[in-house]
Amino acid sequence: MDKVLKYAHRLLEEVVTSNDICLDMTLGCGKDTLFLKDICKKVYAFDIQEEAIKKSKELMKDCKNVEFILDGHENVLLHINEKVKGIIFNLGYLPGGNKKITTHFETTIKALKDSLTLLSDKGICVICLYPGHLEGNKESIEVTKYVKGLNQKEFTVLKYEFINQINNPPFLIAIEKNENVSSSKL
Ligand SMILES: C[S@@+](CC[C@H](N)C(=O)[O-])C[C@H]1O[C@@H](n2cnc3c(N)ncnc32)[C@H](O)[C@@H]1O
């Protein structure tokens, strides 16, 4: 069975084409952007840490289809005004970095809510959650609560979780935008 992040990439790979736009909402070391840039037309990648942007720019210096955005993902609608086919949130703190600089549920949920308005039909948003640390635990609970409330006529929501592992292992939430739902039917 695929680990959480691998499965997230597989889900994205199944729907994203070379004509599509994707969002990496938590750039970090750039591994998810590195993956996305090869399967789509353009990636917009957000991070609040200058260091993350700098290192990732270095990693992808010859790459022309990535735009790095030094801003919180909660401001996504200030930067993006086009439809996107794939979105990834890899939450928590940067492994090997400052653990105090982590994602927080309030801003994560705002970012999620806003970015879902940009998702095109059959597009997918994947969220890797890490309940093994305090803030991550709170975030996992609140994000799960939020996605459970999404209208099933508009979105299909999946939870991928290893249920016999100890110490609160990471899990994945995937949200697919259903095809052609007119707002009058919701
Ligand atoms: C777990 S890391 C992401 C790992 C990354 N996707 C990779 O492949 O290396 C989480 C990242 O989210 C960033 N972050 C925290 N709060 C954020 C926010 N409000 N908006 C955007 N990025 C944020 C952190 O700076 C950190 O780099």
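Start by selecting asparagine 167: with 6 C-beta neighbours inside 10 Å, this residue counts as exposed. (A residue is buried if 20 or more other C-beta atoms lie within 10 Å of its own, exposed if 12 or fewer, and partly exposed in between, with C-beta atoms placed from the backbone.) Before you go on, know that this is a predicted model, where local features need pLDDT of at least 70, side-chain atom pairs count only at pLDDT 80 or more, and totals for chains, interfaces and linings use all residues. Residues are numbered from 1 along each chain as its sequence is written.

**Stop 1: the loop between E6 and E7**

You'll find asparagine 167 in the loop between E6 and E7. (Helices, H or I with at least four residues, and strands, E with at least two, are DSSP runs numbered from the N terminus.) Look at its backbone: phi of asparagine 167 is near 60 degrees, a positive value in a residue other than glycine. Most residues other than glycine have a negative phi.

Now click on asparagine 168, which lies in that loop between E6 and E7 too. Its phi is near 45 degrees, again positive in a residue other than glycine. Is asparagine 168 exposed or partly exposed? Asparagine 168 is partly exposed, with 14 other C-beta atoms within 10 Å.

Next, pick proline 170, also placed in the loop between E6 and E7. Proline 170 counts as buried, because it has 21 C-beta neighbours inside 10 Å. What does proline 170 touch, not counting residues up to four places away in sequence? Show Val4, Cys128, Leu129 and Tyr130 and you have the answer. (Two residues are in contact if their C-beta atoms, placed from the backbone, lie within 7 Å.) Try the distance tool on proline 170 and glutamate 106: they are 64 residues apart in sequence and 19 Å apart in space, C-alpha to C-alpha.

**Stop 2: the strands**

Select strand E6 (residues 155-160) together with E7: six bridges join them, and they run antiparallel. (Two strands pair if DSSP finds at least two bridges between them.) Within this pair, lysine 159 stands opposite isoleucine 173 in E7.

Zoom in on cysteine 128, whose bridge partner in E7 is leucine 172. How many of the eleven residues of E5 are buried? Eight of them are, so E5 is largely enclosed by the rest of the structure.

Bring in E4 next. E4 and E5 are joined by six bridges and run parallel. Here, phenylalanine 89 stands opposite isoleucine 127 in E5.

One more strand to colour: E1 (residues 21-24). Both of its faces are covered, with Ile21 and Leu23 buried on one side and Cys22 and Asp24 buried on the other. In a regular strand the side chains alternate between the two faces of the sheet. Four bridges join E1 to E2, and the two run parallel. Aspartate 24 has alanine 45 in E2 as its bridge partner.

**Stop 3: two helices**

Select helix H1 (residues 4-15). Its twelve residues should span 16 Å at 1.5 Å a residue, and its end C-alpha atoms are 18 Å apart, which agrees. (The expected span of a helix is 1.5 Å times one less than its number of residues.) Which residues of H1 are buried? They are Ala8, Leu11 and Leu12. These cover an arc of only 95 degrees around the axis, which puts them on the same side of H1. (The arc is that of the directions from the helix axis to the C-beta atoms.) An α-helix has 3.6 residues a turn, so residues three or four places apart point the same way. Follow the buried residues of H1 and you'll see them pack against strand E4 (84-90), strand E5 (119-129) and strand E7 (171-177).

Helix H5 (residues 105-116) is next. Its buried residues are Phe105, Thr108, Ala111, Leu112 and Ser115. Seen down the axis of H5, they fall within an arc of 125 degrees, so they line one face of the helix. The buried residues of H5 pack against E1, helix H4 (76-79), E4, E5 and helix H6 (134-148).

**Last stop: the ligand**

Finally, show the ligand. Around it are 21 residues, and the closest are Thr26, Gly28, Cys29, Lys31 and Gly72. (A residue is near a molecule if its C-beta atom, placed from the backbone, lies within 6 Å of it.) Helix H2 (31-37) and strand E2 (42-47) are the elements that give two or more residues to this shell.

Key:
The expected span of a helix is 1.5 Å times one less than its number of residues.
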